[in-house]
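Colleague: Could you walk me through this one slowly? I am new to reading models.
Modeller: Gladly, have a look at it first.

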Amino acid sequence: MLSRFYAILDSIFTKTTFFNYLKGIMLCFVLLCMNPLYAIDEIPSDIANSVLNNDENDEAITSTDNTEQAKILNITTLTDIDNLREQTLYVGQYISITYRLVLLDEARIVYTEFNPSLEAQDKSAKSQSVQLIKESEWQKEGDYYTATYTFKIIKPKVVIPSLVVHVQNNYLQDSMQTDSIDLQAQTLNKTQGYSGVVANSLKIIDYTLESYDDNNNMILIELEGNGSNLEDFRLPNIKDQEFGQGTKFSDEIARVNVLARIPKELDSIEFSYFDINKHEFIPLSIKNAINIESFDDEIKEDLNPKSSFLKITNILLFIILGIFLLITLIKRSYFAAIISCLLLGFIVYRIFSNTYSIKTLPNARVLIQPTHNSTELFVITNPTKLEAIDKKNDYYKVNIDSKVGWISRNDTNKR
């Protein structure tokens, strides 16, 4: 009987929040009136649960409707991925992916990220098969926004993670992500002379040579690459080499200065790169390098064992000191004598301030240039007392067994 009464109420009132409350009140009133026949705890469970859960169900329906209406962006991959899969890709090659974004209801971009992350400091990024090289700002083109991301392939099985875009307007926050992109790349066989560079083009701009010691020369090679991973360039069979000042990496036009120590008997250098367009190794060479002119002054100063006080400024100071000494002796001028003493003290200071007595710590590294990422010449295993002939920033220039190098202050007792 009670079930039939509830069915009649349910057919009369629609399922809205207000009428559900009204229906519940009427049902409770009837139950109180029929208390002799039914106890409250004897209400059929299906009826009680229906009354109690109707409001929750209505709220869930409303929430679902709001979620569907809350979408205020749409993002797609604009690059033709099928066409990209048909191309032959190589490990070390740069590829670019363009994304298109539509913003609705005055939404604005909060931030973007990749899932999983491609951040260098993220531990999970080490397992990734691509490295994020460059990302452009979102550019508005009519009703759309576009952005291009450039990646370097580092593994044959390529997976470009999903790009996640987070946006918001005055009322809502929303996010959406693209599908990940799966590609396949070839690993190049490191044939003899391969420099590790994959490029549209690579050429030698210039090169210079300087005598380093009795057995070695230092060569500086200027290279220009188009669409190249020049950061991976290595001269084959040359142990001591590094990128010098003026190096600029880029996914478009990159220019690097390669500084290397080579044996004096080596009169030519040969290497190759892989041309993406021709799909073949292209050889490059430097012939008769021994006849090349020497470095410019800035690089020469870093490699030259001469110390600073032999520069022309100090020679001029000695000349001026001599003039004032002559004035002091001839005219017996106290003023000239004072100036002479000051000049002498200044010259002595300049001489000894550029000569440093240092003691190396165990396993001190001797570098080619005074930079933290410079190529290591050799290691001084045991603590050694040295006279540094110059100082630049936090590095001391030393001359050990006719070899010139730089030692970081962190590897010495000078703290």
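Modeller: What follows is a short talk about cores, rings and a sheet.

Colleague: Before that, what kind of model is it, and how are residues numbered?
Modeller: It is a predicted model, in which local features need pLDDT of at least 70, side-chain atom pairs count only at pLDDT 80 or more, and totals for chains, interfaces and linings use all residues. Residues are numbered from 1 along each chain as its sequence is written, and side-chain values use heavy atoms, with hydrogens and water left out.

Colleague: OK, which residues touch the most other members of the largest nonpolar core?
Modeller: Those are Y99, W138, F151 and I160, in a core of 28 residues. A nonpolar core is a set of buried Ala, Val, Leu, Ile, Met, Phe, Trp, Tyr and Cys residues joined through side-chain atoms within 4.5 Å, and buried means under 20% relative accessible area, exposed over 50%, and partly exposed in between, with a 1.4 Å probe and protein chains only.

Colleague: And which strand gives the largest share of this core?
Modeller: Strand 3 does, with five residues; strands here (E, at least two residues) and helices (H or I, at least four) are DSSP runs numbered from the N terminus.

Colleague: Back to Y99, is that residue buried or exposed?
Modeller: Y99 is buried, with a relative accessible area of 0%.

Colleague: How many aromatic pairs are there?
Modeller: The structure holds eight, where rings of Phe, Tyr and Trp (its six-membered ring) pair if their centres lie within 6.5 Å, and planes under 30 degrees apart count as stacked, over 60 as edge-to-face and the rest as tilted. In one of them, the ring centres of Y99 and Y149 are 5.8 Å apart with planes at 75°, so this pair is edge-to-face. Because Y99 lies in strand 3 and Y149 in strand 7, the pair ties together parts that are 50 residues apart in sequence.

Colleague: Switching topic, in what order do the strands of the open sheet run?
Modeller: Three strands form it in the order 2-11-8, with mixed pairing, and two strands pair if DSSP finds at least two bridges between them. Strand 2 and strand 8 stand at the edges with a single partner strand each, so one side of each is left without a neighbour in the sheet.

Colleague: Last one, where is T178 found?
Modeller: T178 sits in the loop between strand 10 and strand 11, and at 5% relative accessibility this residue counts as buried.
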